[in-house]
Each structure stands twice: as structure tokens, then as C-alpha cells.
Amino acid sequence: MASLHVLANPARFRRFSQRVLPALSVATALALAVGLWLALVESPPDYQQGETVRIMFLHVPSAWLSMMGYALLAALGASLLVWRHPLAALMARAAAPVGAVFAAVCLLTGALWGRPMWGTYWVWDARLTSMLLLFFLYLGHIALSRAYDDSERGDRAAAILALVGVINLPVIKFSVDWWNTLHQPASVMKLGGPSIDPSILTPLLVMALALLLLFVVLVLLRTETEIDRRRLEAAEMAL
Amino acid sequence: MTGFGALLARDLRLVWRRPGDVMVVLAFFVVATVLFPLGIGPETNLLARIAAGILWCAALFAALLSLERLFAADYEDGALDLLLLAPWPLELAALAKCLAHWIVTGLPLALLAPLMGLLFGLSGDGLLAVGLTLLVGTPALSLIGGLAAALTLGARRGGALLALLALPLCVPTLIFGAGAVEVVAIGEGFLTHLAILGALALLSLATLPWAIAAALRQAGE
Amino acid sequence: MTELEVTGLSCRRGGRPVVRNIAFTLARGELLALTGRNGSGKTTLLRALALLVTADAGVIRWRGADVRYDRDGWHRQIAWLGHLDGLKGDLTVAENLATACRLREAPATRVADAVAAFDLIPLANRAVRTLSAGQRRRAALARVVAAGAPLWLLDEPLNALDAPSQAALRTTLGKHLAAGGLAIAATHAPLDIPNVRILELGP
């Protein structure tokens, strides 16, 4: 039963992912095309920010996805530690660098937006600082999961770290906000409905959907690669 | 609680047999803080303004430096197996180890930091704030660092990895610890900061022993 | 009287099965020797029995109860000798043994006997870091005796021991078994103890 569990689950996942990946990839390309057209051509420039507002259509969804990605890591960590689900470890290994890249994109676009708006690439603004710390948490997860010769140990250590990290994220966010409140208040998530104009909100949400699809496609692809890598390792050890 | 007490007593006795290990950490703290005026310049106003941040960061680095050996010695000589096999909760063992670390590092750092504050031109209330915030804040650092130490047992690049894991999690403690001294400088009370530091330490106390125990169990596998 | 019953125990390390479907029972007064080549899973099996390694499948029953449901209770029944000695170099032999008893929350009444059994009296107040490998192994064995647990789990107990110390181990082990104790020892050298049962582990 145990060996069936270990081998069959990734195999079943492969069949599933190979069936959905082509359709998902096409959907991602379409959504990205529509999203970029809406964001870069269709939407009006902001009356204060001018054309630079378009950076936000990449910046904001990247921030959302990097946070979602860390929550995903924690959920995968819990399922690895509680149910010893072998696929969870492989998927966490696949998802962590993708989440880290979205955090990096968020930081870079933030810097690019900051140059015209604040006159400098980096400001110790609360939300940028929180995102930087999230990026460090990702780096720690990636480094820890790859720091052991026995990759299963790395998986479990990283799972524990992800769970502790997800508990600490709100605390870090709160303390950084206390430390510095300079940014404009969060507006899309505000209670009582979004106060953003629909002409900006629609491209933002389409871009968020497109990047979410991209995230899913990348994680599925990378998980398949991790399954292959694990099989190769097992085959090498059997020689 | 006899097992908890026995482990705490054992670790304190081991430190007592080799006091040099603690002295090196305290010496690192002193030397590191003294380097800042040499690098930044001796202007008193500037030094007094950044003293809190420097003292807190140096204390954080000193604590992390000493944490690398917290579980590594037990891991290498096989004593960790005996802790895993002790007939009482491993969470308590994790807590005893971190408490021992705090007694020999956090506590002396909290006593030493106000003395170093004198070199930075901090005055009465500022010195008090440095000492008290370190006293309340360092238990959280010992627990966070303890988790990082347990997670990196047997890993490649253990020391640098430990710092990478622990530092982001230490940020809230650092912010409120150093922040307390800053509000004193503008003539306000730092009780709120102290209360939040206490809350952070309690949050660590409520969650991290379980995480450390889980990390130690998987290190034993 | 059967005290320990193991059924279908399997473990994998690094995705590779190393302990496959092990089953045995052990009664009071019995010694089980785990033999097999290097890498045959002797240590992993011992660690799985002590719940230091999580088994993928199988059940370990002590006096009829699944040990996973009372980890602490099970650990009270075990005295452990790993391939590492588990001694603190900066503490003396006597301090090491006393601390080990306190960590088990057990009375230290057997420490004196244990020290005498392995001829450690002249070494009792020496720091462990000043001892030779064989002397340390004796101190670690004395810790097993001092624990006063019914089941001894020993990983290569003969390692580094000279002939008189090996004889002392046989005598002590014999006494433990005669008093109704149980023992499982992973070893590649024959133990030379009467009535030893042997479990040969596969490649």
C-alpha cells in the first residue's frame, strides 16, 4: 500500500497535468494577450501618475501572487507533515522559486514605478519592505529545501519553515506598517467595495487572472520536472 | 518537570565548564558595536540617534552567532537521540535548550548593552530602554534562532543558512526593540513598545517550541 | 511470555526501501541479534523500533498495545545505545550517567552498579573527553544498564571494546536477560551468548 501511494500518486498527477496543461497554456496566452492590451492600450493614463500607472497592472498582481504562493507553500507543508503526501513536497519545491520570482517582479516594478513617482528607485515604504522580507522568506525556503544531501529531509525542514513563516507574515506586516506608514492605503481590498475606477480595475483583474494562470502552468510544469528528477535519483541509487 | 530541570542544569553546567564560548559572543558584541563609530565617525548627535539600531542589530548577530552550536553538539555526539527518547515532551526539551541559551547570551547582552550605550552618548532613559527591551525581546530571538538551528542540523552551509532563515523572522522584534529607544529620544514613554515586545516573545513561546520539536524529530530520522 | 510483537515493519530512506516487511516477537529473557551486511538496514530497524524513524508500514506492539499511541510510555521501556555514544565530553562519567537518569526521569539508584559492572570506578570522575574510544563505549553501556529499562536496543555494542570489556558486556547482558529483560542488538560480530535468536536482514 505504501509503495503504491508513493509511486501511483505522482504518476496519476502526471496524467492529470499532461491532460490539462495544453488547454491551460492556451488560456494563459489568451488572458495575457487580452490583459496586456487592456493594460497598455485600452486603459486611460492616470491623471496624477500618467502613463506610469500601467506598471501597476504588473506590480499589484505580482504582489498578490507572491503572497498566495507563500500561503500555498504553507498548505503544501502542512499536507507533507500531517499526511506525508509525497506530491506535496515536489510541488512545494516547484512552487517556491515561482513565488520568489513574482516577489522579485513586484519589487523591481515597484522600483521602476518609484523612480518617476518618488524620484528614487527605493523608498523604505512599508509595503515594499514587507515584500522584501517575503522575498527573503522565499529565499530561506528555497535554500533550506536544497541544503541537504537527503532531499526528503530538506522537504520536511522547508515545510516546517513555511508553516512558521506563514504565522509570522501578519506579524511582520504589522510591525513594518507600524515602523513606517508612508504608502497610500490599500484600496482594492478595502471594505465597502473597491474605490478604484472600473477603467483601471478591469485590466487589473484580467492581468491578475492571466498571471494566476501563468503561475499554475509554471508550477505544474516544474512539478513534472521534479517528479522526473526524483525518479532519476531513485534509479541512480538502485544501480 | 524534573527532565526539563535536568536538561537546563546540564546545559548551564556545560557552559560553566567552557565559559570561553560565552565570552567570545559577548566580545563579538562589544567589538561589533565599537566598529560603528569608527566607520561612521565620532559625531555625538548622529551616534546617539542610531545607537539603538546598532546595539539591537549587534545583539541580534551575537545571539545568532552563538545559536549555531545550540543543537549541533547534541546532534554530533548522539545526545540528541537521548532527548528524542526521553519520556517527556520534546517541546519542553526545546524550551529548556532555548532558555539555557537565553540565560547565557540574552541576559548578559541585556546587561552589557546599556554599558555600550554610554559609548554612544545615550542618557538615563535611553540606557534603561536599551536594557529593558533587550531583556524582554531576546527570549524571542533565542526561540527563533533555536528553530533555525534545529532546521539546519546537518545541512550544508549551516551557519549562513541559519542567519538567512532567522533574520526575516526577527524583524518584528528588532523593529520594536530599537523603536523603543527612539521614542525615548523624542521624550515619550516606551511602555507600548515593551508590551508589544512581550507579546512577540509570548507568541514565539506559544508556537516555536512545537516547530523546534518537529524540526528535531525530522533531524533524528 | 511475549512482550514485544512486530508485524510488517517497513521503512524507506531516500525513496529506497531499506527495511522490508520485518516481523518477529520477543519474550522475556530473550535476545534478538540483527545481523546482515553494511547497509542492510540494521540501524534503521533499531531506530524504527525506538520511533526515531517513522515507519511506512507495520505495527510495533508492547504488551499488546500499539506503541505509537503512547510514545512516552514506550520510551520509558527502552534503554538506547546508538552508534554514537551520546556522552558529553565536558562532563565526568558519573555526571553523564546521573544526567541521563534525570533526563529519563528515573531514579539514579542503579548508577553505582552500572559503573562497577563495566569497571569504570577508577574513571568515574574523569571528563569523558579524556577517555579512549573503548572507555567511552563502556560508559555508554553503563548508561544503558543504569536506565533500568526492560528492553535494551543496542547498535553494535561490541564496537571498540577489548576482550575483558566484551566479557563484562556478556555478563551484564546475561544478568539482564536472566532477570526477565529483553534485548535487541544490531551486530556483525557473533555475540557468543546462549539462546540468542538471529534475524538476518537482506541486502
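This is a predicted model: local features need pLDDT of at least 70, side-chain atom pairs count only at pLDDT 80 or more; totals for chains, interfaces and linings use all residues.

Modeller: Residues are numbered from 1 along each chain as its sequence is written, and chains are lettered from A and ligands numbered from 1 in the order in which they are written.

Biologist: Which strands stand at the edges of the open sheet of four strands in chain C?

Modeller: Strands pair if DSSP finds at least two bridges between them, and strands (E, at least two residues) and helices (H or I, at least four) are DSSP runs numbered from the N terminus. The antiparallel order in chain C is E2-E1-E4-E5. Each edge strand has a single partner, so one side of each lacks a neighbour in the sheet; these are E2 (16-27) and E5 (65-66) of chain C.

Biologist: Which residue in E4(C) stands opposite Val6(C)?

Modeller: Strands E1 (residues 2-13) and E4 (residues 57-62) of chain C run antiparallel and are joined by five bridges. Opposite Val6(C) stands Ile60(C).

Biologist: What is the bridge partner of Trp80(C) in E7(C)?

Modeller: Five strands of chain C form an open parallel sheet in the order E6-E7-E8-E3-E9. Within this sheet, four bridges join E6(C) to E7 (residues 151-155) of chain C. The partner of Trp80(C) in E7(C) is Leu153(C).

Biologist: At what angle do H3(C) and H5(C) pack?

Modeller: Axes are lines fitted to C-alpha atoms, for helices over the stretch in contact, and angles run from 0 to 180 degrees between N-to-C directions. The axes of H3(C) and H5 (residues 133-147) of chain C are 10 Å apart, and the helices pack at about 35°.

Biologist: On which residue is the kink in H3(B) centred?

Modeller: Helix H3 (residues 44-67) of chain B has 24 residues. The bend at a residue is the angle between axes fitted to the seven residues ending there and the seven starting there. In H3(B) there is a kink of about 50°, centred on Ile50(B).

Biologist: Which element gives the largest share of the side of chain C that touches chain B?

Modeller: Residues are in contact if their C-beta atoms, placed from the backbone, lie within 7 Å. In these terms, 22 residues of chain C are in contact with 20 residues of chain B. Elements giving two or more residues to this side of chain C are H2 (71-77), E6 (78-81) and H3 (93-103). The largest share, four residues, comes from H3(C).

Methods: Two residues are in contact if their C-beta atoms, placed from the backbone, lie within 7 Å. The expected span of a helix is 1.5 Å times one less than its number of residues.
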